[in-house]
Amino acid sequence: MNRIHTTLEQDKKLLSIYFTAGYPSLNDTVKIIQDLEKNGVDMIEIGLPFSDPLADGPTIQESSTAALKNGMTTQLLFEQLKDIRKSVNIPLIIMGYFNPMMQYGIEAFCAKCQEIGIDGLIIPDLPVNEYHEHYQETFEKYGLINVFLITPQTSDERIRFIDDVSNGFIYMVSSASTTGAKSTFGNTQQQYFERIEALNLKNPQIVGFGISNNETFTQATKTAKGAIIGSAFIKHLTQHETSNINNFVKSIR
Amino acid sequence: MNYQVNEKGYYGDFGGAYIPEMLYPNVEELRTTYLDIMNEPSFKKEFDQLLKDYVGRPSPLYFAKRLSEKHNTKVYLKREDLNHTGAHKVNNTIGQILVAKRLGKNRIIAETGAGQHGVATATVCALMGIKCIVYMGEIDIKRQAPNVARMKMLGAEVRPAKSGSKTLKDATNEAIRDWINNPVDTHYIIGSAIGPHPYPDMVTRFQSIISEEIKWQLKEKEGKENPDYVVACIGGGSNAAGTYYHFLDNPNVGIIAVEAAGKGVDSGESAATSQLGKEGIIHGCKTLLMQTPDGQITEPYSISAGLDYPGVGPLHSHLYKTKRAEFYSVTDDDAMAAGLELSQLEGIIPAIESSHALAIFNDKKFKPEDIVVISLSGRGDKDLDTYINYFKL
């Protein structure tokens, strides 16, 4: 059974953290993952940096640029993660743009993920229809769960289609924005959260984009199964490097 | 072989819509409506009227007598440089602003490199009284000060793209991010035959007026509709797509694409995407693009800001792969020399982009009886500083 499924079955709201591999320093990847797990984080998205991250706001853009400058590559990330399952048990998801994966070779990329013990992928610029037609078979062959995004503008019909193709959770983008844009949630978000809840989807939802503190985490998880924090954690890393990760996690829940 | 986009948005292996879900409703709205809108009689009427009275179309097809003598073949120039705002770009912005109006959008965003597409967009927004925001790389803003001033004078807001390499590809990223953040009221006017489907096809159709006119103009002058060759420069490839469009299915018309080699294809400072690129994803489409082995998009170089793009439109990748088009790459030096040659033989100072197409005579020998139509995509006013510095004028 995929670790993502096991985690989703737990009777609690899940905290998932995103960070960009190779940031702040090239070799921080393993330490950050270990510290996050030690401090009770339920799931981790490891960002594979890309030169042109068009769904990301300035914080993640800058961390990606810095990571690439530090020398991060797909191959190096796999190298860093090769023994990660000796020390880490929570689900690990690689989040990245499609082009670097294409250049590595989709099948080779998926095979490597399985070998290392990666549980899933989030690829913001691989739309559900392309995935369904061309890549789903390969991803599933290597036991990988692919996670799709929905937004307040996504129609009910399309959400149903995404729910059908999904086999883990749905990444619910909190508002019409790139990553890191909001500080609190207003009525529009609440209505959207409630609309999705009322659809009774087969896949649980985890909210991302704009979750930065205890308040937004609590709001988002009122209806959803969990929440993902990215930019706020990157800002923490920028300020404190890899120290005080425990304080950051405690401040969220 | 088919050169039209298929129902899934592909030209052969290239194209598609590799976009984040946040953009799906906007792109889908466009995909499901653009052909119907473009086929409405009222749309056609307004589009044709504006092209005639505002842009100044048809642009002349000019027989370049002295240039023809020099190169011992029959050269016609399609004078897109005589359009309002000085280049072919306005054909597309007129079309897209009319689409945006019919979609009920009241805010326009655009990306620009050299500023030509930014100016063409700011122009049509002024014409229609619609708010206009143009993203431009911070470095390009410094390099292209006159065009920045033109956009401001036309009432547009120019926002610097400060991410990544701070040039055209980053301005495009910023425009896409803006669209993600403004999903309801905004239309994104992409300036080249790139981006997610339906953009490459929509832009190509708006630019196809170029080859439509070439056909009847050539008929008048030569008694036949089809030249032996059509030649155009390619950055993203919108003037080329428009120049080729009505000849794609006629194998008797040779199609020639000229890319910017910069300081040489193997110099590390080049924008010759077909030679240096590999299949990948850029700005929402699968196409040839310049990238590292790890899949990071690299920064191209050309003396011409309009050709300084790391990708090429998906139609052109298809034309390259199927060998329908011959691809050549021309260095900065050869392009500059060709620009000077046209100036002194014909009294026309071309944009440096177009000078690349004019440099084709170094690489390709035509027969004396061949009819060669070259797209003179823009005028050289915007490039005077570059010409001055280069030739020490």
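A residue is called buried here if 20 or more other C-beta atoms lie within 10 Å of its own, exposed if 12 or fewer do, and partly exposed in between, with C-beta atoms placed from the backbone. The model is predicted, so to speak of a local feature takes pLDDT of at least 70 and side-chain atom pairs count only at pLDDT 80 or more, while totals for chains, interfaces and linings use all residues. Residues are numbered from 1 along each chain as its sequence is written, and chains are lettered from A and ligands numbered from 1 in the order in which they are written.

**View 1. Chain B as a whole.** Buried residues make up 61% of the 393 in chain B.

View 2. Domain 1 takes in 11-50 + 89-203, and domain 2 takes in 56-87 + 208-391, with bounds from an automatic or database domain assignment. Their C-alpha centres sit 22 Å apart. Where they touch, 38 residues come from domain 1 and 34 residues from domain 2, a contact being two C-beta atoms, placed from the backbone, within 7 Å. On the domain 1 side, the elements supplying at least two residues each include helix 4 (89-102) and helix 8 (168-181). That side has 17 nonpolar, 16 polar and five charged residues; Ala, Val, Leu, Ile, Met, Phe, Trp, Tyr, Cys and Pro count as nonpolar, Asp, Glu, Lys and Arg as charged, and the others, Gly among them, as polar.

**View 3. Where chain A meets chain B.** Here 31 residues of chain A contact 26 residues of chain B. On the chain A side, helix 5 gives the most, with five residues. By class, that side splits into 16 nonpolar, 12 polar and three charged residues.

**View 4. A look at B:Thr32.** This residue is part of helix 1 (residues 24-39) of chain B. B:Thr32 counts as exposed because it has 10 C-beta neighbours inside 10 Å. B:Pro198 is 166 residues away from B:Thr32 in sequence, yet their C-alpha atoms are 9.0 Å apart in space.

Conventions:
Helices (H or I, at least four residues) and strands (E, at least two) are DSSP runs, numbered from the N terminus.
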